Amino acid sequence: MTLKRVVVTGLGALTPIGNDVPSYWNNLSAGVSGAGPITKFDASKFRTRFACELKGLDVTQFIPRQEARKMDAFTHYALIATDEAIRDAEIDLEKIDRNKVGVIWGSGIGGLKSFEDEMLDYAKGDGTPRINPFFIVRMIADSASGQISMRYGFRGTNYVTVSACASTNNGIIDAFNYIRLGRLNMCVVGGSEAAVTRAGIGGFNANRALSERNDSPETASRPYDKDRDGFVLGEGAGSLILEEYDHAVARGAKIYAELIGGGMSSDAYHITAPHPEGLGAYLAMKDALDDAGIAPTDIDYINTHGTSTPVGDPQELKAIYQLFGDHSFKLNISSTKSMTGHLLGAAGAVEAIASIKALEHQLVPPTINLFNVDEEIDSRFNLTPLKPQARSLTTVMSNAFGFGGHNAIVIFRKLS
């Protein structure tokens, strides 16, 4: 059978460096850091006392207060980002077949704050289980996709992907397949995370994943730098409208880019550490190229996973060199986590948006805080240090890897 083409027609973002797509892109382009001291709880006794929090957000501007109380913050973020994406795509809900519109959402953790609050309240009591009736529906990860589908009446495929920090890219690939096989005309796909909590910071501190650069939060996320000491936890959401090409053209939609391939693999190695030679990353990137039917030399820019952890960054670059060979040194490579922090299950969504906006503006966002490149990294890589770089971009790749060895890669191309 002939596979249908899939395009991106709407974008929505809620990030530590901007509460909508234009603000997010402007700050990415300017190399702005979203990191600062934690304000959501008293972090004075934690080893890490900073994060990339959202700023200036009033949820009740988007969701009525009574409804918002029934949801965790990660669901709030999902609805807000999707509202922007739906508006951006200029979808007339009365003129589309909502039975053929799906929602596939990603979240690595789901309602962590709701779980934390409920259990801490229970622990303060006498053992009598006085549990909020909305506890479960606030906490479970599929609440986000369910709420999106109910708000807009989308009755197609609806579920949540959970593969740690690869969650959203897995969801994008699933939506891609549903649309190109003709099962859906359109799909809302994205991810959200709200893990800047005592449990989130404390848990990642316990496994030594977070930076502890409390004296300089804004420079703490430094992918590929020899002095990197861990990732910076971020929060927020990204939402994309994927649509079958002919369906988009028929309704006169603007098209940002075409989604042409997706690849997945497993490291099958360790619960948190990547394969030392980047094997899983290599396999997923190769799978994505094969799926797209293109050669490594067709890629112009890779938005890497690039978390700023000691073990992760060099392994990803090893995998890139293994697959791309000397073309690796002709690519632009950057990690936008240097600005947003690591949004865990939402990372793939906000980084896919960054990749698509790079295509639109023919501008590669930088890797900030890259002061001294790790000696283990080949100096010939163009890591787009400190400042954005203008270049002709046709095809871009966005990488996402997760604890458990999950790897998921997506490829976007300028529409031709």
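## Loops, sheet and helices of a predicted model

User: Is Ala-268 buried or exposed?

Analyst: Relative accessible area decides the label: buried means under 20%, exposed over 50%, and partly exposed in between (1.4 Å probe, protein chains only). Ala-268 has a relative accessible area of 74%, and therefore the residue is exposed.

User: What is the phi of Ala-268?

Analyst: Most residues other than glycine have a negative phi. Ala-268 is not a glycine, yet its phi is positive, at about 50°.

User: What is the phi of Asn-369, and is this residue buried or exposed?

Analyst: Asn-369 lies in the loop between S11 and S12. Its phi is near 65°, a positive value in a residue other than glycine. Its relative accessibility is 6%, so Asn-369 counts as buried.

User: Which residues does Ile-368 touch?

Analyst: Ile-368 is found in the loop between strand S11 (363-364) and strand S12 (389-390). With 6% relative accessibility, Ile-368 counts as buried. A contact means heavy atoms within 4.5 Å. Not counting residues up to four places away in sequence, Ile-368 touches Gly-31, Val-32, Ser-33, Ser-221, Arg-222, Pro-223, Ser-338, Met-339 and Leu-386.

User: In what order do the strands of the open sheet lie?

Analyst: Two strands pair if DSSP finds at least two bridges between them. The open sheet has 10 strands with mixed pairing, in the order S5-S4-S6-S7-S1-S8-S14-S13-S9-S10.

User: Which are the edge strands?

Analyst: An edge strand in this sheet pairs on one side only. The edge strands are S5 and strand S10 (332-334).

User: How many bridges join S4 to S6, and how many join S4 to S5?

Analyst: Strand S4 (residues 101-106) has 6 of its 6 residues buried. On one face these are Val-101, Val-103 and Trp-105, and on the other Gly-102, Ile-104 and Gly-106. S4 runs parallel both to strand S6 (residues 186-193), where Val-188 is the bridge partner of Val-103, and to strand S5 (residues 158-161), where Val-160 is the bridge partner of Trp-105. The bridges joining S4 to S6 number 6, and those joining S4 to S5 number 4.

User: Why is S7 largely enclosed by the rest of the structure?

Analyst: Strand S7 (residues 236-244) pairs with strand S1 (residues 6-14) in the antiparallel sense over 8 bridges, with Ser-239 as the partner of Gly-12 and Leu-240 as the partner of Leu-11. S6 and S7 also pair in the antiparallel sense over 8 bridges, and Met-186 has Glu-243 as its partner. S7 is largely enclosed because its buried residues are 9 of the 9.

User: At what angle do helix H4 and helix H8 pack?

Analyst: Axes are lines fitted to C-alpha atoms, for helices over the stretch in contact, and angles run from 0 to 180 degrees between N-to-C directions. Angles under 35 degrees count as roughly parallel, over 145 as roughly antiparallel, 65 to 115 as roughly perpendicular, and the rest as oblique. Helix H4 (residues 112-124) and helix H8 (residues 198-206) have axes 8 Å apart and pack at an angle of about 100°. H4 is therefore roughly perpendicular to H8.

User: Why is the pair of Tyr-152 and Phe-154 given its label, and what is that label?

Analyst: Rings of Phe, Tyr and Trp (its six-membered ring) pair if their centres lie within 6.5 Å; planes under 30 degrees apart count as stacked, over 60 as edge-to-face, and the rest as tilted. The whole structure holds 7 aromatic pairs. The ring centres of Tyr-152 and Phe-154 are 5.5 Å apart with planes at 20°, so the pair is stacked.

Note on methods: Residues are numbered from 1 along each chain as its sequence is written. This is a predicted model: local features need pLDDT of at least 70, side-chain atom pairs count only at pLDDT 80 or more; totals for chains, interfaces and linings use all residues. Side-chain values use heavy atoms; hydrogens and water are left out. Helices (H or I, at least four residues) and strands (E, at least two) are DSSP runs, numbered from the N terminus.
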